[in-house]
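Colleague: I would like to go through some backbone features and a helix pair. Please take them one at a time.

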Amino acid sequence: MTRPPHDLSRLKAALNAETQMRYPSREAVSAGFTVRNIRFAAAAVALTGFGAAGLAVSAPLADQVAAALASKSEIDLRVGRNGGVSRVELYGSVGSRASVRSDKGQVVIRLPGAKTPDIGDFRVNPPTGVKAVDLRRDARASEIVLTLDEGAKARFGRSDGAVFVQIDSKDDHGEAADVLKTVAAEDRKAQDGKAGELPPAPAAEAKAKVAVPVVALKQVRVQDGVQLDFPFPEVTGAAVFRRGEAVWMVFDREVDFRLPAGLKDGGLVTEANWVKNDGFTALRLVAPSATGLSVDTEGATWRVRVGGRALSAEASEVAVKRDDTTGSPTLTLNLAGAKRVAWIRDPMVGDRMAVIPAPGPAKAVRDDRSTLQASIAATAQGVMVERMTPDIMVTVEGDRVAVTRPGGLLLSSNGEGVQKPDRAGFKPALFPTLPDPSWSQMPQEGFLKTYNRLQEAAAEEQGTGAEGPYAARLDLARFLIGQGMNFEAQGVLDLLTKNNPRSLGDPQVRGLKVVAKVMAGRLSDAQVDLDSTALQNDPAANLWRGYIAERGRHYEDARKAFAEGVSAMEGFPPEWRTRFATANARAALALKDTKAAWELIVYAAGQDVPPLDRLEAQLVQAEIIEAQGDKARAYRVYAAIAKSTSDRINAPAQLRAARLKLELGEGKPEETLQLLSSLRFRWRGDETELETIRTMADIYLTQGRYRQALEVLRGAGASFFNRPDAVEINEKLGTAFRSLFLDGMADGLQPIEALGLYFDFKDLTPVGGDGDAMVRRMVKRLVEVDLLSQAADLLQYQIDNRLQGVARSQMAADLAAIHLMNRQPEKALQALWKTRNTLLPKPVLTERRVLEARALNELNRPDHALEVLGNDMSPEALDVRADILWRQKDWAKAGALLERRLGDRWKKDGALAIGEEANLIRAGVAYSLASDQKSLDRLSQRFGKYADTAQNGDAVRVALAGLDNGPLRASDFATAAAQTDSFTAWVAAMKQKFRTQPAQPAPAAPAAPAPKTA
């Protein structure tokens, strides 16, 4: 259907508008892909040492990485067959702990834990004597159930570190046992990994009694290639395909191959191995992946040409179709002459393949087909299914090959089983979130022509409506991602899902959105797509989840996700393998697992990646060295990396090199601070800025420059307000403030300086007991130097803004006391009256009552003061009563009350306290003014001895002598009376109280009394 030009223009403009509206700028946030051959063999390197210029790389660790990637490391199932005897062996950390029981014609193998074994080989091709294989699961374990044939017998046990089950369908158990020993020995030999040996799948060949035909291969040299002829004695089915640099030839007959002597002399073929087992024979050649592969047949002879000009005969295409007739989505292939499935485990990759040979003429699968659970690979002859989940079933019925699973495959909803590559070659990747290397290849027609063509096709496709296809728009998105235009790709995908909401259920759409967003740095947006159900079965998605979790500092989640996605790691380009492994190493380091972090970073630094990606991995490696305690070595590595021209790399390297130089005693604080200050404003917005700020704050605190430390920390908190990083920096800021004003770090500052610092950062005062203690500590210092107004302001701020309930009323009592000390009784009353609370502890009520009475007395309201005191006869209340009586000139009662306050002090030695001395003088004056000579004599007799040690000895003598006794003049007595002011003594007592007052929260209020019943 052709649309008018103006419609196409509108649709094309809509695509551009959506992109520009959502993503106005193209930032170089993420690196694109470099096209390289993706090897199927795992490899790693070990870092042996560091020099002044960087790192030295050597010593491959391929075995370690391959073991980590192979699922069989935990449950390794092996099967051997010989005539009527078969044997199942379980190895690995989980498999070797299996338990076996016999139950009514069935053998049940129970595997502890949540790991699920791969039983695809057994289910399709059960061992001899086994009718069916099933898998059961419960919360604690999984069980493999073997249903035996009638008359078959089974025995089981443990041998050579493995659990075995031996099934015998014959009577001659002795002969079967001998043969099975040979099978086990050959299997162990294969697992030992001899150089050049191709392991059988899944067990080695047993000694056979029947003669096996010998097929001598004929080698024919062709230009730029080699041709092998297989002269079988009769028609034989074959499957020929390439996997990376390996060319596989699988035949459905057991024969003995005789390889040509000069097969590897031409230089094209570098390795050749073959094996026969379970009715199949397989030959594996290693040749450059760029060479072609073609197949032809003549009678019973197969010809396979590697490289050179293709054989003249063109293979017919094996079509891949979707079949929903059974209710379980299935992929089917019509392969004439197919008989059964050969299950083969690739010795380099470690995964299993289902290979279906077929007789001639040649029949090929033209293009790869990928689903979430399995992939059908392109072949030159026959069919090969790879990258399967454990429950995939591949069966052959007549000429029909079916690929399915219990409940059916997860296929796209557009009616197609799988998506084919389009004419531009922008094919779907193996997994929805795995970018295909072909996307980044520049088409021959150039960027602009390709872009315009794809955009016009996408615009025309959009005009088909919400229910129409969207393959062209996915092609455009893949092309944009491959060219590093990730924001533009997001615009295309967002417009697609906006106009076609059902596309959100397509894993390919979700996967492209994830890739584009992560590469553009929009990690939180990508997480939304990763959480969708469409990507639940994508192992590659776990690597993106781990990467995002590590960036968000969720290290445990990151480690778990990376572990779950390790099987998809080798499918990614080297750049992303390095980034994923580096992020995983950072997460391991954050969790104090330096051993795992080191192994991961060795793998990351050994990838064939651009220098900047390798430097980033080496930067993390230097962190690991520092965590291991070798700071001098780490400093040299940081200093070398700091010479990089990339700010993204050299900024953190400069920071850490400067910090370690200072710690090692080779740098000065001022020089370090100057460098960090310039770095702070040169590199902004990520964890490097946070680390710079934390380092500067630590140096400032160490030097006692508290204000600068708090200012730099608070500035960072404001910058990172909307990020998770702000939590950490605010904790650091709060900790520094607490250390200053709660742990005593600010005690060395002058009180007024400390007060200014506190008020500038008072919003950091914690709520609760710690905040109360912090304020009390500061108030104590201010009262000590008579900065009463400043102390009152500090308490008033706490009362107005931070405190509630009992704590507020208790602090109001302290505020009232300070106002009274500052001769401001009106403010003292306001502080008490505004914080009234009926549910207060008794000590707090008593303190507030006495302070209120004292303030009223200072305002010359003695009657009201006595009403407030009521029946309170505590020592503090008696002092206030004495002041009231003195103010009322009730000398007799005042004198008696003051003498009562002195109590039995006359019986003790030592100088009188200032308060006791004031009460003695006032008592003597009161008795004189009341003309109570008897009481005055008693007082003089008891306390006269303290006059010589008193601070005001003359005033004590005058007061005890009396106005009418001795040679004293009226002016002397007036002077003594003037010195009887009790205020100074009370102020001294209050200062002592603030000095010794514990910094702890106020006691809890008493429970309200229960209502009385009639």
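Colleague: In which loop does Pro361 lie?

Modeller: First, the basis. This is a predicted model, in which local features need pLDDT of at least 70, side-chain atom pairs count only at pLDDT 80 or more, and totals for chains, interfaces and linings use all residues. Residues are numbered from 1 along each chain as its sequence is written, and side-chain values use heavy atoms, with hydrogens and water left out. Pro361 lies in the loop between strand E25 (352-356) and strand E26 (363-364); helices (H or I, at least four residues) and strands (E, at least two) are DSSP runs, numbered from the N terminus.

Colleague: What kind of peptide bond joins Gly360 and Pro361?

Modeller: Most peptide bonds are trans. Gly360 and Pro361 are joined by a cis bond, with omega about 0°.

Colleague: Where is Arg823 placed?

Modeller: Arg823 is in the loop between helix H25 (805-821) and helix H26 (825-833). Most residues other than glycine have a negative phi. Arg823, not a glycine, has a positive phi of about 60°.

Colleague: How are the axes of H17 and H18 arranged?

Modeller: Two packed helices are described by the angle and the distance between their axes. The axes of H17 (residues 647-663) and H18 (residues 669-682) come within 10 Å and cross at roughly 160°, with axes fitted to C-alpha atoms over the stretch in contact and angles running from 0 to 180 degrees between N-to-C directions. The two helices are therefore roughly antiparallel (over 145 degrees).

Colleague: Which residues meet there?

Modeller: Contact means heavy atoms within 4.5 Å. Among them, Leu655 and Leu662 are in H17, and Leu675 and Leu679 are in H18.

Terms used: Angles under 35 degrees count as roughly parallel, over 145 as roughly antiparallel, 65 to 115 as roughly perpendicular and the rest as oblique.
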